[in-house]
Amino acid sequence: MVHVQNSTLAGGVAVGTVCNLLIGAHGAVLIGIIAGTISVMGYRFITPFFTEKLRLHDTCGVHNLHGMPALISAIASAIYALMVTREEYKSDLGSIFPAMLNETEISANNMTENDATVHIMGGYGRTASEQAGYQLFGIAMTVLVAIVGGILAGLALKYTGFRKLQKDEQHQDELYWEVPAERKDE
């Protein structure tokens with residue numbers, strides 16, 4: 001039952017990220033199924049591997065419930081960006097993919113270039129394939145920053161200047177907080 005609940009949440013995470021795109025019901029179901037399956041496989045196989053072989057502990061399941069579904073969703077956003085047409089998105093193209101607008105579309109909406117750059121921050125005239133490439137580049141940069149940031153945080157915590165708890169000090173709240181004294185039954 002836990003896997004069913006987690007896969008449902010993972011599907012929601014994945015679809016929620018691309019919900020402003022025209023994915024349709026079939027796209028939402030497909031993305032949800034893929035994300036849910038990957039999430040359950042992560043809980044079943046990847047987390048034990050990470051814990052056993054790499055000594056990486058994901059105690060809350062964030063990697064399986066949010067990380068991998070977000071990656072699936074980001075890849076889906078690149079795929080759907082590749083299939084964008086102006087006829088399908090009409091006037092919503094500028095709010096979803098502002099960089100795909102060109103100068104004539106900005107002026108057709110009665111915007112000056114100054115208004116367009118303030119509100120839209122786009123107008124680069126990208127094609128659908130260029131936009132998909134930018135989406136993939138964004139994924140790669142996000143994963144790179146996450147990995148480098150995680151490594152730096154891990155190294156900072158491993159640094160000997162930080163106080164390390166002894167085995168008998170672990171899970172002892174009394175070291176850092178004032179806790180009520182235990183009552184002894186008479």
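These exercises walk through a predicted model, each with a worked solution.

Residues are numbered from 1 along each chain as its sequence is written.

**Exercise 1. The overall fold**

Task: State how many helices and strands the protein has.

Solution: 
- Apply the rule: helices (H or I, at least four residues) and strands (E, at least two) are DSSP runs, numbered from the N terminus.
- The protein has eight helices and zero strands.
- Read from the N terminus, the order is α-α-α-α-α-α-α-α.

**Exercise 2. Serine 77**

Task: Decide whether serine 77 is buried or exposed, and find what its side chain makes a polar contact with.

Solution: 
- Locate the residue: serine 77 lies in helix α3, residues 62-82.
- Check the cut-offs: buried is under 20% relative accessible area, exposed over 50%, partly exposed in between (1.4 Å probe, protein chains only).
- Serine 77 has a relative accessible area of 13%, so it is buried. Of the 186 residues of the protein, 27% count as buried.
- List its contacts (heavy atoms within 4.5 Å). Leaving aside neighbours within four places in sequence, serine 77 touches Val18, Leu21 and Gln135.
- The polar contact joins the side chains of serine 77 and glutamine 135, at 3.0 Å. The term means a pair of N or O atoms within 3.5 Å; within protein, one must be able to donate a hydrogen and the other to accept it, and residues adjacent in sequence count only if both atoms are side-chain atoms.

**Exercise 3. The aromatic pairs**

Task: Find how many aromatic pairs the whole structure holds, and classify each.

Solution: 
- Rings of Phe, Tyr and Trp (its six-membered ring) pair if their centres lie within 6.5 Å; planes under 30 degrees apart are stacked, over 60 edge-to-face, the rest tilted.
- The search finds two pairs.
- Phenylalanine 49 and phenylalanine 50 are 6.2 Å apart, centre to centre, with 50° between the planes: a tilted pair.
- Phenylalanine 49 is partly exposed at 45% relative accessible area. Phenylalanine 50 is partly exposed at 27%.
- Tyrosine 89 and phenylalanine 97 have ring centres 6.3 Å apart and planes at 70°, so this pair is edge-to-face.
- Tyrosine 89 and phenylalanine 97 are both buried.

Technical notes
This is a predicted model: local features need pLDDT of at least 70, side-chain atom pairs count only at pLDDT 80 or more; totals for chains, interfaces and linings use all residues. Side-chain values use heavy atoms; hydrogens and water are left out.
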